[in-house]
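Biologist: I have a model open and would like to learn how to read its features. Could you walk me through it?

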Amino acid sequence: MKLWKHQEDTLIEAKSLAKAGHKRIGLGLPCGAGKTAIMFEIAKSAIAKGKRVAIYSCRRSNTKQIMDSAARNGIKAGVVASEFSTDADPTAPLQICQLQTVAARLGNYRHMFPFADVVIVDEAHQQTGEQAEKVFNKHVGAGAILLGFTATPVNMGGLYEKLVCKASFDQLLQCNAHLPVMCFGPDRPDLDRLKTSQSGEFSQQVNIKLNEPKRIFGTVFENWQRLNPEGLSTIGFAPGVKESRYFHEKFVANDVTSAHVDGERVAIATRNSSGIIEDNEYMSDASSREAVFEGSRSGDIQIIWNRFVLREAIDLPHVYCCVLACSMGARSTYLQSAGRVLRYHPDLEHVVLIDHGGNIDRHGLPNQEQDWELGDTNRSVHTKRKENLQSQKSADSEEPICCPKCDSYRTHGAECPNCGWKHKMSIRKVRQLDGTVLVKKGRIVKHKPDKTFDDILRGRLYAGYRIGHSVKQAYRTAVTEANSKDIVPVAKTIRLPNSGHESWNRPVRQVYPKFRPKGL
């Protein structure tokens, strides 16, 4: 198969780094950019040279997909995964390994470690913890080169030493890897001042509270019908498993064929020969999930609901619409979930993303270019985006604009390309916990001018007033802070005492009574 240019560029850069002696290389490619093709191009080349290859997955469905890809590429593979014990073959040149199984067998003499010359890690951002570190360090220590593939390279700084990101969204559109995406934000919860965990996620409890299905089902269903009038294949993300099941049951009650998938159970509601929808439940395994995907492909199932089990390693290019009925604090979760609908399909001209969780407001459009760096975390990329937006004036801001008439997002311009409505600022419908909806206008992240020495000095004088510092002490701390930020320590609007004046050694509260903090 002929590779696309961004795939070739990725391979060339990875090979160059490997020749330079780097053993731990991360490779970032957006969802749908064809990372599996690059993985097997590397695997086939290595095997042809007599080398051993190991590909690591992080879950059962991911392992099965890699097994199927190996078969399509004509590569003999063995599997190191407890769920696929009958497919084990230690003599095969390619070993498809489930991380949990290999980690559990470390130190067990009855199980051979899958030593390899080339170790490929799929969904590498999910395989960076202590378990992964032990396994991959053993591989690298034995001389292997480690290649970690992911669409969202976060939390990889501890395991990898270089990061390659060569694919742009423009390239993916041009080579028919992606489709244009139309994004809509009919409503969203109030995420102002909401804190995230260390991983960058909102807590599930908070997520459910903000996106209570009983409160938002009406707008979710109404806008799904409005923006997807033909009822084309859809994937929906809910804030929890129970909530996913609730959406599934309510869509069925409104005469829509639906499915719900979680780690334990699968519900499938399709029409019988009489046209009546029947809802049946099964154990969640490879066959029941494949039945859901096949029903989605054939059109027998219009929407698939889940929490997060379908956000990664699921290839459903026929899906036209994605509904986000939950809030995603982490950039990686958002991009992986929205990425389910970006892939190219010959029967579609574009795809649709309907966001009820404020995710576009928080993270940007799913096809915006991402400036990934090795060492990024979900919290650091959010902070970086916020600081970048704060530095931009309104006319130049990269913050998406939401149309008040049709709820569609765009990147720039005064006219909505979807409905033609002309307006100067975003207008967003924000849900409050009491059920009321507030209309908020303008930017979410306000422009924050660069800090001046006067700003720093003003803050130090307020602090000096509170803790009893002299003017001299407050000034010196302000100068130290300014120098650390490459700001020239010259006051322009705050009048300072002349050098040597007795006021330098007097308390701030005596010299500058106007800097008295509130509450004192």
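This is a predicted model: local features need pLDDT of at least 70, side-chain atom pairs count only at pLDDT 80 or more; totals for chains, interfaces and linings use all residues.

Biologist: In what order do the strands of the open sheet of 7 strands run?

Modeller: In general, strands of a sheet pair through backbone hydrogen bonds, either parallel or antiparallel. Here the order is E3-E4-E2-E5-E6-E1-E7, and the pairing is parallel. Strands (E, at least two residues) and helices (H or I, at least four residues) are DSSP runs, numbered from the N terminus, and two strands pair if DSSP finds at least two bridges between them.

Biologist: Which are the edge strands?

Modeller: Strand E3 (77-80) and strand E7 (162-164), each pairing on one side only. Neighbouring strands of this sheet are turned by 20° against each other on average, direction ignored. Such angles run from 0 to 180 degrees between N-to-C directions, with axes fitted to C-alpha atoms, for helices over the stretch in contact.

Biologist: How many bridges join strand E5 and strand E6?

Modeller: E5 (residues 118-121) and E6 (residues 145-150) pair in the parallel sense over 4 bridges. Val-119 stands opposite Leu-146 in E6.

Biologist: What does helix H1 touch on the sheet?

Modeller: Contact means heavy atoms within 4.5 Å. By that rule H1 (residues 5-19) packs on the sheet against strand E1 (24-28), E6 and E7, and its direction makes about 165° with that of E1. Helix H5 (residues 130-141) also packs on the sheet, touching E1, strand E2 (53-57), E5 and E6, at about 170° to the direction of E2.

Biologist: How much space lies in the second largest pocket?

Modeller: Rolling a probe the size of a water molecule over the atoms shows where empty space is left. A pocket is an open set of points on a 1 Å grid over the protein atoms alone, where a 1.4 Å probe fits, with protein on both sides within 12 Å along at least five of seven lines; lining residues have an atom within 4 Å of a point. The second largest pocket holds about 710 Å³, the volume being the space filled by probe spheres set on the points.

Biologist: Which residues lie nearest its centre?

Modeller: Of the 25 lining residues, these are Leu-191, Asp-192, Arg-362, His-382 and Ile-444. Helix H13 gives the most to this lining, with 6 residues. By class, the lining has 6 nonpolar, 5 polar and 14 charged residues; Ala, Val, Leu, Ile, Met, Phe, Trp, Tyr, Cys and Pro count as nonpolar, Asp, Glu, Lys and Arg as charged, and the others, Gly among them, as polar.

Biologist: What is the phi of Asn-176?

Modeller: Most residues other than glycine have a negative phi. Asn-176 has a positive phi of about 65° although it is not a glycine, and it is found in the loop between helix H6 (169-174) and strand E8 (181-184).

Biologist: Is Ser-69 buried or exposed?

Modeller: Buried means under 20% relative accessible area, exposed over 50%, partly exposed in between (1.4 Å probe, protein chains only). Ser-69 has 7%, so it is buried. Ser-69 sits in helix H3 (residues 60-72) and touches Thr-36 and Phe-40, not counting residues up to four places away in sequence.

Methods. Residues are numbered from 1 along each chain as its sequence is written. Side-chain values use heavy atoms; hydrogens and water are left out.
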